[in-house]
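Dear colleague,

I am handing over the structure we spoke about, so that you can look at it alongside these notes. Please open it first and keep it in view while you read.

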Amino acid sequence: MSNDGKCQDTNNCINWLENSIVNEYLNYYEYSEFENLETIGKGSFGSVVRAKWKNAGNFFALKTFHKNDEITLKEVVNEIKLQKEMIFNENVIRFYGITKAGSGKF
Ligand SMILES: Nc1ncnc2c1ncn2[C@@H]1O[C@H](COP(=O)(O)OP(=O)(O)OP(=O)(O)O)[C@@H](O)[C@H]1O
């Protein structure tokens with residue numbers, strides 16, 4: 001699938017994410033690079049945790065999606081697309097990249 005943001009089913013969404021990482025459109029972080037995870041909020045699709053990035057000691061908000069189903073994967077791709085479009089808006093938090101928890105969730 002091309003990297004035009006289309007995500008019609010589960011496999012397409014996963015391919016879009018993986019191609020975006022391989023082609024370096026998205027930064028990928030190993031989940032093991034984070035420590036001191038503390039839950040700071042919950043949304044419709046998952047929870048948000050504050051986590052320390054071991055490499056530099058700074059903190060990130062990690063948005064975790066609880067399921068790997070089609071609706072959730074479409075939400076992940078949609079949210080990444082929105083974040084990338086908002087890159088120059090100072091009122092919107094910066095999107096740094098994506099990680100994958102041990103359970104396979106993004
Ligand atoms: N970057 C962040 N820094 C601090 N807290 C955050 C951050 N992102 C999200 N949160 C907290 O986590 C909560 C859940 O965020 P999340 O984005 O999962 O859902 P939402 O946008 O509030 O709702 P929905 O999932 O219905 O769109 C937020 O309401 C907020 O309290």
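Below is what was found in it, from the overall layout to single residues.

The model is predicted, and local features are described where pLDDT is at least 70, side-chain atom pairs count only at pLDDT 80 or more, while totals for chains, interfaces and linings use all residues. Residues are numbered from 1 along each chain as its sequence is written, and side-chain values use heavy atoms, with hydrogens and water left out.

The chain has two helices and five strands, where helices (H or I, at least four residues) and strands (E, at least two) are DSSP runs numbered from the N terminus. Along the sequence these follow the order α-β-β-β-β-α-β. Of the 106 residues, 29% count as buried; here buried means under 20% relative accessible area, exposed over 50%, and partly exposed in between, with a 1.4 Å probe and protein chains only.

Strands β2 (residues 34-42) and β3 (residues 46-53) pair in the antiparallel sense over six bridges, pairing being assigned if DSSP finds at least two bridges between two strands. The two form a hairpin with three residues between them, and Glu-38 stands opposite Arg-50 in β3.

The ligand comes next. Around it are Ile-40, Gly-41, Lys-42, Gly-43, Ser-44, Val-48, Ala-61, Lys-63 and Ile-93, a residue being counted if one of its heavy atoms lies within 4 Å of the ligand. The protein covers 50% of the 600 Å² of accessible area that the ligand has on its own, the areas coming from the Shrake-Rupley method with a 1.4 Å probe. The elements that give two or more residues to this shell are β2 and β4, and the largest share, three residues, comes from β2. By class, the shell has four nonpolar, three polar and two charged residues, where Ala, Val, Leu, Ile, Met, Phe, Trp, Tyr, Cys and Pro count as nonpolar, Asp, Glu, Lys and Arg as charged, and the others, Gly among them, as polar.

In soluble globular proteins, nonpolar side chains tend to be buried together. The largest nonpolar core in this model has eleven residues, among them Trp-16, Leu-17, Phe-65, Val-76 and Ile-98; such a core is a set of buried Ala, Val, Leu, Ile, Met, Phe, Trp, Tyr and Cys residues joined through side-chain atoms within 4.5 Å. The elements that give two or more residues to this core are α1 (10-22) and α2, and α2 gives the most, with four residues. A second, separate core of seven residues includes Phe-34, Val-49, Trp-53 and Leu-62.

Finally, two single residues. Thr-99 is found in strand β5 (residues 98-100) and is buried, with a relative accessible area of 11%. Its side chain reaches the backbone oxygen of Tyr-29 at 2.7 Å, and the side chain of Thr-99 also reaches the backbone nitrogen of Tyr-31 at 3.1 Å. Lys-67, by contrast, is found in the loop between β4 (59-65) and α2 (70-85), and Lys-67 is exposed, with a relative accessible area of 53%.

With best regards

Technical notes:
A polar contact is a pair of N or O atoms within 3.5 Å; within protein, one must be able to donate a hydrogen and the other to accept it, and residues adjacent in sequence count only if both atoms are side-chain atoms.
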